[in-house]
Amino acid sequence: MTNSWHERFSAEEYVYGKEPNAFVVEAAKDLPKGKVLCIAEGEGRNAVYLSSLGHDVTAWDYAQAGLDKTQQLANEKGVTVETELHDLADVEWKSEQWDAIVHIFGHLPPDVMERTMAGVQQSLKVGGFYVSELYTKEQLRYGTGGPRDAAMLANPANILQKFNGYFIKHFYVGEVTRKEGQLHTGQAHVVQSIFQKREEA
């Protein structure tokens, strides 16, 4: 499958670096050991980190070059990550499969994002966590990473609405500083979420 992300990840360097996202490091402190899915995972930095903590990690991306680099990084760090080539526009979500789903800077067209949010909710086990850090529409003013199309950027109010009924463990909208390879560097505007699926959600 050839696409712009496959071409981007075909470079030898890790374009977002090899270190995990700072919010993932914080969120991971509260995640019980279990089956973790990292979606739109790119080159695997977060999946590899979570595996190093003892989680059973699967990484999804639709760029084979990114998944190849995920395996390369996992081998380098001496951990195991399952990789699967999926396009979130048509992937099949199975019910109550994951203890946590991690979604870091995975920006999608609005229809695909809607489908993905529904899939996340279906696929989380009761008690499971959705962990995300996404650029908001304010990020266009910063120019330090992310898509240049406002429609692809997150609306915090929409995220809260989607996860209505979930326990909100963490929710933050505002500035952060990110140094993640060449493409995410500097001050940025993000929305961070940790939602836990309740019995009645």
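**Ground rules.** I am working with a predicted model, in which local features need pLDDT of at least 70 and side-chain atom pairs count only at pLDDT 80 or more, while totals for chains, interfaces and linings use all residues. I number residues from 1 along each chain as its sequence is written, and my side-chain values use heavy atoms, with hydrogens and water left out.

**Helix 4.** I took helices (H or I, at least four residues) and strands (E, at least two) as DSSP runs numbered from the N terminus. Helix 4 covers residues 64–77, and because its 14 residues at 1.5 Å a residue should span 20 Å, the 20 Å between its end C-alpha atoms agrees; the expected span is 1.5 Å times one less than the number of residues. I listed A65, G66, L67, K69, T70, L73 and A74 as buried in this helix, where buried means under 20% relative accessible area, exposed over 50% and partly exposed in between, with a 1.4 Å probe and protein chains only.

I traced an open sheet of 7 strands in the order 3-2-1-4-5-7-6, with mixed pairing, counting two strands as paired if DSSP finds at least two bridges between them. Strand 3 (82–85) and strand 6 (167–180) are the edge strands, each pairing on one side only. Neighbouring strands of this sheet are turned by 20° against each other on average, direction ignored; axes are lines fitted to C-alpha atoms, for helices over the stretch in contact, and angles run from 0 to 180 degrees between N-to-C directions. Strand 6 pairs with strand 7 (residues 184–196) in the antiparallel sense over 13 bridges, and I noted F171 opposite S193 in strand 7.

**Helices on the sheet.** Helix 3 (residues 45–52) packs on the sheet and touches strand 1 (35–39), strand 2 (56–61), strand 4 (98–104), strand 6 and strand 7, its direction making about 175° with that of strand 2; contact means heavy atoms within 4.5 Å. Helix 5 (residues 110–123) also packs on the sheet, touching strand 1, strand 4 and strand 5 (124–135), and its direction makes about 150° with that of strand 5.

**L50.** This residue is in helix 3 and is buried, with a relative accessible area of 1%. Not counting residues up to four places away in sequence, I found L50 touching V24, A28, V36, C38, H55, V57 and V102.

**A40.** I placed A40 in the loop between strand 1 and helix 3, and A40 counts as partly exposed because its relative accessibility is 24%. Leaving aside neighbours within four places in sequence, A40 is in contact with W60, D61, L88, I104 and G106. A40 and F105 are 65 residues apart in sequence, yet 8.0 Å apart in space, C-alpha to C-alpha.

**H107.** Is H107 buried or exposed? H107 lies in the loop between strand 4 and helix 5 and is buried, with a relative accessible area of 14%. A polar atom of the H107 side chain lies 3.2 Å from the backbone nitrogen of Y135, and the side chain of H107 reaches the backbone oxygen of M152 at 3.0 Å.

**Record check.** UniProt, in an unreviewed entry, lists residues 22–130 for "domain: Tellurite resistance methyltransferase TehB-like". Over residues 22–130 I read 39% helix and 27% strand, with the end C-alpha atoms 16 Å apart.

Technical notes. UniProt positions renumbered as here; feature names shortened; annotations may be inferred. Polar contact = N/O pair within 3.5 Å; in protein donor to acceptor, adjacent residues only side chain to side chain.
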